[in-house]
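Subject: Structure handover

Hello,

Here is the structure I promised to pass on. Please open it alongside this note; my findings follow below.

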Amino acid sequence: MWRRVAGGLNAPLQQDLFNRLRPALLPGKGKAGVKPHANELAEMWRAAASLERLETKHKEALGEALLRPLRRSPVPTYGFWSLTRLGARVLLYGPLNAVVHPEVVQRWLDALLSFQPGNQSERLGWGFCLSQLARRSGQRALDVDDSHRHSVLTVLRGLDVPEHWPRMVEEVTELERDEQSQMFGESLPIGLRLLQPQD
């Protein structure tokens, strides 16, 4: 539920939710809590990754913690999706100052580029994650450098992924409907559309 309503929460409420999730997701960085079951842990990660208004230092800590289980197959089902949301160059609703610094994301890319997917689901999750971490935003201060973008393009072109994914790394484009659903973690109900914020 919290993953679904996160976009409607202001920054202090998102911080409060993160503070409640932190003991389970970042052990040792908060008060000790109960160890959640696998399904609960997956939902906690998805909820935390959906908190786009969270300070970047918290997103970086979550991303670093996620990288450990994403180094080799099999990976947790929530892993690539959560890292995608945390390190996306273009947020779904969050402000520009909540985008993780490109140098941090470049370190994440360095750790992910050599991953060997063990199945179709991992291949697609990994490919989408790479495409979003290296996606061109149109804001030079947010984009990863050309060498990382080139490395991602090389990997994506060697995978059987939708043709739009490499294009997002090469040029500024909008997410297609399927990609929006993938970023949200589920499809939007029929008739509901995302509107761009008014300036």
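**Where α2 meets α4**

Gln-15, Phe-18, Arg-22 and Leu-25 of α2 meet His-58, Leu-62 and Ala-65 of α4. Contact means heavy atoms within 4.5 Å. Helices (H or I, at least four residues) are DSSP runs, numbered from the N terminus.

Before you go on: this is a predicted model, where local features need pLDDT of at least 70 and side-chain atom pairs count only at pLDDT 80 or more, while totals for chains, interfaces and linings use all residues. Residues are numbered from 1 along each chain as its sequence is written, and side-chain values use heavy atoms, with hydrogens and water left out.

How do α2 and α4 pack? Their angle is about 25°, and their axes are 12 Å apart. Axes are lines fitted to C-alpha atoms, for helices over the stretch in contact, and angles run from 0 to 180 degrees between N-to-C directions. So α2 is roughly parallel to α4 (angles under 35 degrees count as such).

His-58 sits in helix α4. His-58 is buried, at a relative accessible area of 10% (buried means under 20%, with a 1.4 Å probe and protein chains only). Beyond its neighbours within four places in sequence, His-58 is in contact with Gln-15, Phe-18 and Arg-22.

**The core**

The largest nonpolar core has 57 residues. Such a core is a set of buried Ala, Val, Leu, Ile, Met, Phe, Trp, Tyr and Cys residues joined through side-chain atoms within 4.5 Å. Leu-62, Leu-83 and Leu-112 touch the most other members. Helices that each supply at least two residues include α2 (11-25), α4 (56-67) and α5 (79-87). α6 gives the most, with 6 residues.

Leaving aside neighbours within four places in sequence, its contacts include Leu-83, Phe-80 and Trp-126.

**Aromatic pairs**

How many aromatic pairs are there? The count is 4. Rings of Phe, Tyr and Trp (its six-membered ring) pair if their centres lie within 6.5 Å; planes over 60 degrees apart count as edge-to-face. Phe-80 and Phe-115 form an edge-to-face pair, 5.2 Å centre to centre with 75° between the planes. Phe-80 lies in α5 and Phe-115 in the loop between α6 and α7, so the pair ties together parts that are 35 residues apart in sequence. Both Phe-80 and Phe-115 are buried. Ring pairs link Phe-80, Phe-115 and Trp-126 into a cluster.

**A cis bond**

Most peptide bonds are trans. The bond from Ser-73 to Pro-74 is cis, with omega near 0°. Pro-74 is in the loop between α4 and α5.

Best wishes

Definitions and conventions. Buried < 20%, exposed > 50% of the residue type's maximum accessible area, 1.4 Å probe, protein only. Phe/Tyr/Trp six-rings, centres within 6.5 Å; stacked < 30°, edge-to-face > 60°. Parallel < 35°, antiparallel > 145°, perpendicular 65-115°, else oblique.
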